[in-house]
Amino acid sequence: MTFQSRIQRASSYQSVAKESRVLAANPYELVAVLFEELRDTLNLMIESARRNDDARMFQYRAKSLAILSGLDESLNFEVAGELAQTLHIIYTEAAKRIQSETRESLIERVESAREMIHEIEKAWAAIAIPN
């Protein structure tokens, strides 16, 4: 088995594991999965930018923005009120930072967006709903 085929097989196993996790998740866990996926995707975007791999960097940017949009669209302003408004502002700011056009500031701005999201992810994990 070649190195490339091992990588593809490992990627397939990870994909199946993630799909299984999502299918079995409650709404709280789905949001946790989105935060995790966003963090991982931002890390990949930063790595791609450092390697000057623009194709992958733009791919990860698009995926990150889609996840942020999904998180933003799931906010319930009627129930969560001010908290939902605050999260909306944070998600909007993170999206702006991710869309930075200059390579010099891109990595720094994406890292700062990742830190913003990580703080929300930690808070979300702290209010874990027991199964």
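Buried here means under 20% relative accessible area, exposed means over 50%, and partly exposed lies in between, using a 1.4 Å probe and protein chains only. By that rule Ala113, at 0% relative accessibility, counts as buried. Please keep in mind that this is a predicted model, where local features need pLDDT of at least 70 and side-chain atom pairs count only at pLDDT 80 or more, while totals for chains, interfaces and linings use all residues. Residues are numbered from 1 along each chain as its sequence is written, and side-chain values use heavy atoms, with hydrogens and water left out.

**Overall layout**

- The protein has six helices and zero strands, where helices (H or I, at least four residues) and strands (E, at least two) are DSSP runs numbered from the N terminus.
- Along the sequence the pattern reads α-α-α-α-α-α.
- Of the 131 residues in the protein, 27% are buried.
- Taking contact as heavy atoms within 4.5 Å, 59% of the contacts between residues at least 6 apart in sequence join residues at least 24 apart.

- Helix 2 covers residues 27-50; its 24 residues reach 35 Å from first C-alpha to last, close to the 34 Å expected at 1.5 Å a residue. The expected span is 1.5 Å times one less than the number of residues.
- At the start of helix 2, a side-chain oxygen of Asn26 comes to within 2.9 Å of the backbone nitrogen of Tyr28.
- The buried residues of helix 2 include Val31, Val33, Thr41, Ile46, Ser48 and Ala49.
- Glu37 is also buried, with a relative accessible area of 14%, and its side chain makes a polar contact with the side chain of Lys63 at 2.6 Å. A polar contact is a pair of N or O atoms within 3.5 Å; within protein, one must be able to donate a hydrogen and the other to accept it, and residues adjacent in sequence count only if both atoms are side-chain atoms.
- Asn52 sits in the loop between helix 2 and helix 3 and is exposed at 51% relative accessibility. Its phi is near 60 degrees, a positive value in a residue other than glycine.

**Helix 3 and its two faces**

- Helix 3 (residues 54-73) has 20 residues that should span 28 Å at 1.5 Å a residue, and its end C-alpha atoms are 28 Å apart, which agrees.
- Its buried residues are Met57, Tyr60, Arg61, Ser64, Ile67, Leu68 and Leu71. Seen down the axis of helix 3, they fall within an arc of 130 degrees, so they line one face of the helix; the arc is that of the directions from the helix axis to the C-beta atoms.
- Exposed residues Ala55 and Glu73 are carried on the face turned away from the buried side of helix 3.

**The nonpolar core**

- The largest nonpolar core has 26 residues, of which Phe35, Leu38, Met45, Leu68, Leu71, Tyr91 and Ile117 touch the most other members. Helix 2, helix 3, helix 5 (82-98) and helix 6 (103-126) are the elements that give two or more residues to this core. Such a core is a set of buried Ala, Val, Leu, Ile, Met, Phe, Trp, Tyr and Cys residues joined through side-chain atoms within 4.5 Å.
- Leaving aside neighbours within four places in sequence, Phe35 is in contact with Leu71, Tyr91, Ile117, Ile120, Glu121 and Trp124.

- Ala113 lies in helix 6 and, not counting residues up to four places away in sequence, touches Ala94, Arg97 and Ile98. The C-alpha atoms of Ala113 and Leu42 are 8.5 Å apart, although 71 residues separate the two along the chain.
- Ala95 belongs to helix 5 and counts as buried at 15% relative accessibility. Beyond its neighbours within four places in sequence, Ala95 is in contact with Leu65 and Leu68.
- The C-alpha atoms of Ala95 and Arg61, 34 residues apart along the chain, are separated by 9.3 Å.

**Aromatic rings**

- The count comes to two aromatic pairs. Rings of Phe, Tyr and Trp (its six-membered ring) pair if their centres lie within 6.5 Å; planes under 30 degrees apart count as stacked, over 60 as edge-to-face and the rest as tilted.
- Tyr28 and Trp124 form a stacked pair, 5.0 Å centre to centre with 15 degrees between the planes. This pair links distant parts of the chain, with Tyr28 in helix 2 and Trp124 in helix 6, 96 residues apart.
- Tyr28 is buried, with a relative accessible area of 12%, whereas Trp124 is partly exposed at 26% relative accessibility.
- Tyr28, Phe35 and Trp124 form one aromatic cluster.
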